[in-house]
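I am opening a notebook on this structure and will write down what I look up, one topic at a time.

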Amino acid sequence: MNTFLQQFPPPGQHRLAFCGDLMEFTLRLSHARRGQACLRTNLGQASTARREIIREAAEHQKRLNEDWFDIPMTPVDGQLYRLTLPLLQTGHFEAKALFLPEGAREPEWPDGPNTVINVHPAEYCGANSLYNAFVRQFGR
């Protein structure tokens, strides 16, 4: 059976976003099957991730990745699942869609690494000034 899964944004891609943006994730199956699609992510879990980083640095405790969780995706049809999330926290996050076929214990994943999402404060996306200096105009 062909278990081809296609995620958007694609696995391995790096995305820059700002607080208040919405990010849509989709997962397309090669053919219709019964099961549930989810997005496994640490989006929205910045405080948990930071707490683990501090414990690792200060107390030499191994990170447990407690900031990861699954968010169910909404089926659009038998092959397409969709999820739109608000980006409400600044930080470095990752996400990847999965499909758990009905009756299976192990999820299926699209090929490739996690999608990386870097969320910056909203004020970084506007009211910025750019300057150009054409050095050729200032002499030899």
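Before sorting any lining by class, I note that Ala, Val, Leu, Ile, Met, Phe, Trp, Tyr, Cys and Pro count as nonpolar, Asp, Glu, Lys and Arg as charged, and the others, Gly among them, as polar. I also note that this is a predicted model, in which local features need pLDDT of at least 70 and side-chain atom pairs count only at pLDDT 80 or more, while totals for chains, interfaces and linings use all residues. Residues are numbered from 1 along each chain as its sequence is written, and side-chain values use heavy atoms, with hydrogens and water left out.

Entry on the pocket. The largest pocket has a volume of about 180 Å³, the volume being the space filled by probe spheres set on the points, which are joined across faces, edges and corners. I found 14 residues in its lining, with Asn42, Ala49, Arg63, Asp67 and His92 nearest the centre, and by class the lining has five nonpolar, five polar and four charged residues. Helix H1 and strand S8 each supply at least two residues of this lining; helices (H or I, at least four residues) and strands (E, at least two) are DSSP runs, numbered from the N terminus.

Entry on H1. This helix covers residues 46-59 and reaches 19 Å from its first C-alpha to its last, close to the 20 Å expected at 1.5 Å a residue, where the expected span is 1.5 Å times one less than the number of residues. Its buried residues are Ala46, Thr48, Ala49 and Glu52, buried meaning under 20% relative accessible area with a 1.4 Å probe and protein chains only. Strand S8 (91-101) is among what covers them, and just after H1 I noted that His60 takes a positive phi of about 55 degrees.

Entry on strands. I read two strands as paired if DSSP finds at least two bridges between them. Strand S4 (residues 35-41) runs antiparallel to S8, with seven bridges, and Thr41 stands opposite Ala95 in S8. An open sheet of four strands has the order S1-S3-S7-S6, with antiparallel pairing. Strands S1 (5-8) and S6 (74-75) stand at its edges with a single partner each, so one side of each is left without a neighbour in the sheet.

Notes. Buried means under 20% relative accessible area, exposed over 50%, partly exposed in between (1.4 Å probe, protein chains only). Contact means heavy atoms within 4.5 Å. On a 1 Å grid over the protein atoms alone, a cavity is a set of points where a 1.4 Å probe fits but cannot get out, and a pocket is an open set with protein on both sides within 12 Å along at least five of seven lines; lining residues have an atom within 4 Å of a point.
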